[in-house]
Amino acid sequence: MEKLCFGETATLANDEEYTCFSRIEKDGKDYVFLMSNTEPVSVKIAEQNLINDELTLTMVSDVETKKELLKIYKKSFASSVERRMS
């Protein structure tokens, strides 16, 4: 198995499907932003790892870590939009 990339779907332990809409690295760790495929829409941030060729997702629960990752995501998204503007 491979790590999640943009547009790929994962089924979480609660049997709900989430789609990856962003992947970032921070301090050598690989994080994904996940959006639920059902209403009401829910967004989660998870650290992803491959352990014995199995993908594991650990939800980020620490508020400060979430804020830091969200800042990185916002900066990355803004840069991506700016590069595509003509």
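Strands here are DSSP runs of E, at least two residues long, numbered from the N terminus. One more thing before we start: this is a predicted model.

**Exercise 1.** Look at the hairpin of strand 4 and strand 5: which residue takes a positive phi?

*Solution.* Start with the strands themselves. Strand 4 and strand 5 (residues 54–59) run antiparallel and share six bridges. Across that pairing, Asn49 sits opposite Thr56 in strand 5. Now go to the turn, where two residues lie between the strands. There you'll find Asn52, with a positive phi near 50 degrees.

**Exercise 2.** Find the bridge partner of Val32 in strand 4.

*Solution.* First, get the pairing: strand 3 (residues 29–36) and strand 4 (residues 43–51) are antiparallel, with five bridges. A hairpin of six residues connects strand 3 to strand 4. Then step across from Val32, and you land on Ala46.

**Exercise 3.** Work out whether the rings of Phe21 and Tyr73 are stacked, tilted or edge-to-face.

*Solution.* Take the distance first: the ring centres are 5.8 Å apart, and the cut-off for a pair is within 6.5 Å. Next, the planes make an angle of 85 degrees. Anything over 60 counts as edge-to-face, so that's the label for Phe21 and Tyr73. Now place the two: Phe21 belongs to strand 2 (residues 17–26) and Tyr73 to helix 1 (residues 63–84), 52 residues apart.

**Exercise 4.** Is Phe21 buried, partly exposed or exposed?

*Solution.* Its relative accessible area is 23%. Buried would need under 20%, and exposed over 50%, so Phe21 is partly exposed. Phe21 also joins Phe33, Tyr73 and Phe77 in a cluster linked by ring pairs.

Terms used
Residues numbered from 1 in each chain as written. Predicted model: local features only at pLDDT ≥ 70, side-chain atom pairs only at ≥ 80, totals over all residues. Heavy atoms only, no water. Phe/Tyr/Trp six-rings, centres within 6.5 Å; stacked < 30°, edge-to-face > 60°. Helix = DSSP H or I, 4+ residues; strand = E, 2+ residues; numbered from the N terminus. Buried < 20%, exposed > 50% of the residue type's maximum accessible area, 1.4 Å probe, protein only. Pairing = 2+ DSSP bridges.
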